Amino acid sequence: MPSRRPLLQFALMAAGGVAAGAQAQTPPASERNAGPPPPVGSRLPLPDLTLLDGSGLRTADLAGQVVVLYWWASWCPFCAVQSPLIDQLQRTHRPRGLRVIGLSIDKKPEEAAAHLARKGYGFASAWVSPDIARVLPKPKGLPVTVVLGRDGRVVMSEAGQLFPEDIEGIARFL
């Protein structure tokens, strides 16, 4: 069965591409040099992060949990569709050990923080600074969703918008 994702992306682009409230912005030049999402079975080095709300997130605090790494941007129309679903996933499954770590590629962390506050999203999110990008480079595409199993290995790795059933299916890794 052919993938529905390219068809959905084409339809969104044909319909104007920019979701309500999102601003069109040119992706960063670093996107040209970005690699593919990490392969299933690989390990990702997770750095300690300073979150957009000013708090810190230590890698050690994520041990034994299923971690969803979610690269996003406030101006991304596909992220505008996927982010509420990602937020709901964490709200539903955090008690069972699922954590979402958003990684914003907005030009300024203030823009990303304002977007999260305006939307009321509860998932932790950091701004991808040059220091973070060196340790945890963003794969090509947006949004990018990478799921790490409780053992820290990649169990799912996708570039591009996911369908609701794909996001709900992340719970199977719990």
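Modeller: Let us start with the bend, which at a given residue is the angle between axes fitted to the seven residues ending there and the seven starting there. In this predicted model, α2 bends by about 30 degrees at Ser83, and a proline, Pro84, follows within four residues. Residues are numbered from 1 along each chain as its sequence is written, local features need pLDDT of at least 70, side-chain atom pairs count only at pLDDT 80 or more, and totals for chains, interfaces and linings use all residues. Side-chain values use heavy atoms, with hydrogens and water left out.

Biologist: How many residues does helix α2 have, and what distance does it reach from its first C-alpha to its last?

Modeller: Helices are DSSP runs of H or I with at least four residues, strands are runs of E with at least two, and both are numbered from the N terminus. The expected span of a helix is 1.5 Å times one less than its number of residues. Helix α2, residues 77-93, has 17 residues and reaches 25 Å, close to the 24 Å expected.

Biologist: Which residues of α2 are buried?

Modeller: Buried means under 20% relative accessible area, exposed means over 50%, and partly exposed lies in between, using a 1.4 Å probe and protein chains only. An α-helix has 3.6 residues a turn, so residues three or four places apart point the same way. In α2 the buried residues include Phe78, Gln82, Ile86, Leu89 and His93, and Ser83, where the helix bends, is also among them.

Biologist: Now the rings: how many aromatic pairs does the structure hold?

Modeller: Rings of Phe, Tyr and Trp (its six-membered ring) pair if their centres lie within 6.5 Å; planes under 30 degrees apart count as stacked, over 60 as edge-to-face and the rest as tilted. The structure holds two such pairs. Tyr70 and Phe123 are edge-to-face, at 6.0 Å centre to centre with 80 degrees between the planes. This pair links distant parts of the chain, since Tyr70 lies in strand β3 and Phe123 in the loop between α3 and β5, 53 residues apart. The other pair, Tyr121 and Phe123, is stacked, at 5.7 Å centre to centre with 20 degrees between the planes.

Biologist: Are Tyr121 and Phe123 buried or exposed?

Modeller: Tyr121 is buried, with a relative accessible area of 14%, and Phe123 counts as buried because its relative accessibility is 4%. Tyr70 is buried as well, and Tyr70, Tyr121 and Phe123 form one aromatic cluster.
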